[in-house]
Amino acid sequence: MDLALLPQERLRAGIEQFYARHMQLLDTGRAEEWARTFTEDGTFALPGRPEPSRGRAELAEGASRAYAAQRAAGETHRHWHGMLDITTQDDGTVRVRCYALVVLTPRGGDPRLHRACVCEDVLVDEGGEWKVRARVVTRDGA
Amino acid sequence: MDLALLPQERLRAGIEQFYARHMQLLDTGRAEEWARTFTEDGTFALPGRPEPSRGRAELAEGASRAYAAQRAAGETHRHWHGMLDITTQDDGTVRVRCYALVVLTPRGGDPRLHRACVCEDVLVDEGGEWKVRARVVTRDGA
Amino acid sequence: MDLALLPQERLRAGIEQFYARHMQLLDTGRAEEWARTFTEDGTFALPGRPEPSRGRAELAEGASRAYAAQRAAGETHRHWHGMLDITTQDDGTVRVRCYALVVLTPRGGDPRLHRACVCEDVLVDEGGEWKVRARVVTRDGA
């Protein structure tokens, strides 16, 4: 897809739909499907980790482990992306800088804000589907 | 409207505008107007209720009662929809699975998360306006 | 730009992008750049203030002072706009009524909801860029 010809509203709608599905996969434990929303060698840098996760196998394993820990703790986590600042790059990639919240609800309890973060993604188009090539998350308060 | 011909960005923009108005009607106590954003026989299944609400009269009554209770308690409730996963169906309906938060602010106090939910809607086009035909809400932590 | 000819999806995408950048400027302390997202004589009425702020110099000074206070207190503030009800006016302006959250994270602590507000904006197009001509914010719980 030629980004220069893509109307901004189509770009934005596609990316919002991408994130909605991406996060719903993560939050329902579909770790393998979620990992396939990254490029084959996609990276994910989280705060407090010496190295980013790299590649779908490692991404899926991390997501699967996190989901199992949430289930064991009786917690539901929901990832919200918002305030998407979207910019197209000359190399055909798209940069998104947005806010991310994690809402945590314990079994039988009230929801609370678990994390407030800034998420910076490089997205690429692969055959008409957006994929995350590189993600850097920074946590507010760290 | 022929959904097959509707660009995804127009579909998404229309649905986002629909939800914004829909929720602002609910949160300002305009229960009759809110009920008219459902189809005539629209249903709304909430957790902990044996049967869904059905039809505009019942929907309006429920919304009106809830709003009166919030007023009596000195609370402001705000419904946020986010992370909209939108899919068109072959039968001309649209399915939306999204996250929903209720933010509650007591008079003179600080806001807090009151509910974190997943909302699954079947939307239909009636003369150029979206209407909820069926809604199922599940509450995180239940 | 002739609003009557602007497809709703382009209007909405432009306004969402505007708010994303607008709020990210505010939350990263770029007060001068943020003030330039208002018209030259733009106004901002906040609860508990006898008069609205008026004009970019005053807006920038207020934003700069607020950011310095947050830094001094070790706090990160994130402004989220959501549930945008967008209506075009016959005079070529756009009205937006939306919800606004401020998420506050103290250094080393957990995020919490600091404010829940309703934000009512009059936006105008200046040479292809949206600007806030007038903003009125009301705080839930006040």
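1. Contact here means heavy atoms within 4.5 Å. By that criterion, the contact between chain C and chain A takes 28 residues from chain C and 24 residues from chain A. The model is a predicted one, and the remarks below should be read with that in mind.

2. On area, chain C and chain A bury about 2100 Å² between them, and 56% of this lies on carbon and sulfur atoms. On the chain C side, Gln24(C), Arg78(C) and Trp80(C) supply 33% of the area buried against chain A, more than any other three residues. Anyone looking over this interface can begin with those three residues of chain C.

3. Which elements of chain C give two or more residues to the side that touches chain A? They are helix H1 (8-27) and the strands E3 (75-88), E4 (94-106) and E5 (112-126) of chain C. H1(C) gives the most, with 12 residues. Sorted by class, this side of chain C has nine nonpolar, 10 polar and nine charged residues.

4. Now the interface of chain B and chain C. Here 28 residues of chain B are in contact with 24 residues of chain C. The two chains bury about 2100 Å² between them, with 55% of it on carbon and sulfur atoms. In chain B, the residues that lose the most area to chain C are Gln24(B), Arg78(B) and Trp80(B), together 33% of what that side buries.

5. Three salt bridges are found across the interface of chain B and chain C. Among them is the one between Arg12(C) and Glu16(B), whose closest N and O atoms are 3.4 Å apart. On the side of chain B that touches chain C, helix H1 (8-27), strand E3 (75-88), strand E4 (94-106) and strand E5 (112-126) of chain B each supply at least two residues. H1(B) gives the most to that side, with 12 residues. The class count there is nine nonpolar, 10 polar and nine charged residues.

6. How are chain C and chain A related? A rotation of 120 degrees, with 0.0 Å of shift along its axis, superposes chain C on chain A at an RMSD of 0.0 Å. That is the relation of a three-fold axis. Glu9(C) is the residue of chain C that comes closest to the rotation axis, its C-alpha lying at 3.5 Å. The copies use different surfaces, since 18% of the contact residues of chain C recur in chain A.

7. A last point concerns annotation. UniProt, in an unreviewed entry, places the feature "domain: SnoaL-like" at residues 12-135 of chain A. In the model, this span of chain A is 31% helix and 48% strand.

Terms used. Residues are numbered from 1 along each chain as its sequence is written. Chains are lettered from A and ligands numbered from 1 in the order in which they are written. This is a predicted model: local features need pLDDT of at least 70, side-chain atom pairs count only at pLDDT 80 or more; totals for chains, interfaces and linings use all residues. Side-chain values use heavy atoms; hydrogens and water are left out. Buried area is the accessible area (1.4 Å probe) that two parts lose on being put together, summed over both. A salt bridge is a side-chain nitrogen of Lys or Arg within 4 Å of a carboxyl oxygen of Asp or Glu. Helices (H or I, at least four residues) and strands (E, at least two) are DSSP runs, numbered from the N terminus. Ala, Val, Leu, Ile, Met, Phe, Trp, Tyr, Cys and Pro count as nonpolar, Asp, Glu, Lys and Arg as charged, and the others, Gly among them, as polar. UniProt positions are given in the numbering used here, feature names are shortened, and annotations may be inferred rather than shown by experiment. Copies are superposed by least squares on the C-alpha atoms of residues with pLDDT of at least 70 in both.
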